[in-house]
Amino acid sequence: MAQVPQRFFDALAVRTWCGLSLRALGRAREEIDAINVYPVADGDTGTNLYLTLESAVAAVEAVFAAHELDDGAPEAADGPSLAETVGAMAHGALIGARGNSGTILAQLLRGMAQVLTARSGSRSESAHTEGPGLRLALRNAAESARQAVAHPVEGTVLTVASAAADAADDAEGDCAEVARAAYEGARAALAATPAQLPVLERAGVVDAGGHGLVTVLGALVETFTGQAPGPGAATATHARVERREGVPPEAPPAPGGEALAGECAVAEADRHDEPAFEVIYLLEAEDAAVTRLRQRLDALGDSLVVVGGDGLWNVHVHVDDAGAAVEAGVEAGRPHRIRITHFGHGDAHTAGTGRPPRERSRRAVVAVVPGEGLAGLYAEAGATTLLARPGEPPASGELVQAVRRAHAHEVVLLPNDAELRHTAAAAAEQARAEGVRVALIPTRSAVQGIAALAVHEPERRFDEDVVAMTSAAGATRYAEVTVAEHRSWTTAGICQAGDVLGLIDGDVAVIGADVAEVAATVLDRMLSAGGELVTLVLGDEAPGTVTEHLEARVREAYLAVDTVVHRGGRQGALLLVGVE
């Protein structure tokens, strides 16, 4: 079905481009995963690009949703501005960036956003930009991405981005002409990458990250022309394994041979002694501290990419000492959303070393948790955790990776969020396709997950264990106390920004001004239907006296009810409540 073309690069065009790019990467993800060979053989470049853009799309959609909710405001009548939208796109990509490829894509989008935001400040182009603005945006994107990489290597996505900018510079006309020129320039550069990087030539593939960028630029062409580039666009990427007779595309690397899967972008040409860990984190830090951090991390490892600015950065590096990489971040500022991945058996780091694969455990529990405190609590109970920051729900690919990390024959999956039901179901299906027996228990809150985990017995038959955990979760009513971010209609009436909201089983039940009073009202309503155990999970931003007040209330009014209190950390909600 043809896409309605956009005439200018405005907020709607950004939204359209992001959506088309995500769908295009979704279609190309497996192919991109299969062809990447540089610099690390972990076969997830397509997945990383998809997850990064998925985060950007979510941020853009949130901006449009906020304007729809504020439809009573005069300034909301025309929707978000170009500056708001590209800013959200860049920020979403930054906080959701995955791997080398995703981190570089985030910087490419940020580079575009810097130019488009600056141009939208002028009176003539306050709502949109045209061909010249798009040319400048593509140029700044290529240059800023190259600057973000510690040791740029030709024949990678950086080369493809530069070629796209060069071709756009020579284009005359509107956004459609510029986008088409950039796409064609990128596609030609992609086809030439094997001649620039020996590892690509030996494997008979083009650069995977560059393929992803060509896919995104193809979506940009579709945004402005209404038609996706033809089938011939992808032929360059099909120079795969034909020159390696007898080796199937999915085969693991042979000892002494080249890998057939890996990541894109940056690192030294000699890949015989690979670092053991990939370390990624968001960092709040000043520019001067980040400059020192780059030098420190460059000495520790390779594949260093640091992107971002204005106090928020995304740091990616491959190292042998993961602790030192994190410590360097602590010295520079405040790191969070820290992800450490060990390059395990069977990839480029262990092929031919004789290291035996780690034996799978019989059963594991994988849980999504909203705060560091809960992550620690779940981990102590033996669960593999995936930390979900407020407003940053994990994608299905992240859940699949968590299941892989659990390394078990049987996995019980606890999403702990009603909004993650479909995401978790997709992850479970993918894990089953990989040979893992997965049971999804549709927990809607972390307190339901705590109840399920409390009755988990790994030695029990799988089906019996799942039934017991499901029953315990279902018998737990859940609530949360939070603060309204904007004026809105709710099931309890109209709330204003800053009001304290009490939600029971997902619906707003109480609106008030005092956290302790709202929490007490919520607890009374929940216990009116009976209960034996109250679980309270206190967030970092909640008043410390709230739990003391609630514990005293339970002791005085509900004599047969016990209370357990946990510290949740930065969990989004001020307070989570469970009643079993």
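I began with Asn 416, which I located in the loop between β9 and α14 (421-433). The model I am reading is a predicted one, and I keep that in mind for each entry below.

I looked up the backbone angle of Asn 416 and found that its phi is near 60°, a positive value in a residue other than glycine. I noted this because most residues other than glycine have a negative phi. I then asked myself: is Asn 416 buried or exposed? Asn 416 has a relative accessibility of 8% and therefore counts as buried, since buried means under 20% relative accessible area.

Next I turned to His 407, which is found in the loop between α13 (396-406) and β9 (408-414). His 407 is not a glycine, and yet I found a positive phi of about 55° for this residue. The relative accessible area of His 407 is 17%, so I wrote this residue down as buried.

A search of the whole structure finds three cavities of 30 Å³ or more, and the largest cavity holds about 120 Å³ of space. Of the 14 residues that line this largest cavity, I recorded Leu 108, Met 112, Leu 138, Leu 213 and Leu 217 as the closest to its centre.

Which helices supply at least two residues each of the lining of the largest cavity? I listed α4 (99-119), α5 (131-148), α6 (157-169) and α9 (208-225), and I noted that α4 gives the largest share, four residues. When I sorted the lining of the largest cavity by class, I counted 14 nonpolar residues, with no polar and no charged ones.

Technical notes
Residues are numbered from 1 along each chain as its sequence is written. This is a predicted model: local features need pLDDT of at least 70, side-chain atom pairs count only at pLDDT 80 or more; totals for chains, interfaces and linings use all residues. Side-chain values use heavy atoms; hydrogens and water are left out. On a 1 Å grid over the protein atoms alone, a cavity is a set of points where a 1.4 Å probe fits but cannot get out, and a pocket is an open set with protein on both sides within 12 Å along at least five of seven lines; lining residues have an atom within 4 Å of a point. Grid points are joined across faces, edges and corners, and a volume is the space filled by probe spheres set on the points. Ala, Val, Leu, Ile, Met, Phe, Trp, Tyr, Cys and Pro count as nonpolar, Asp, Glu, Lys and Arg as charged, and the others, Gly among them, as polar. Buried means under 20% relative accessible area, exposed over 50%, partly exposed in between (1.4 Å probe, protein chains only).
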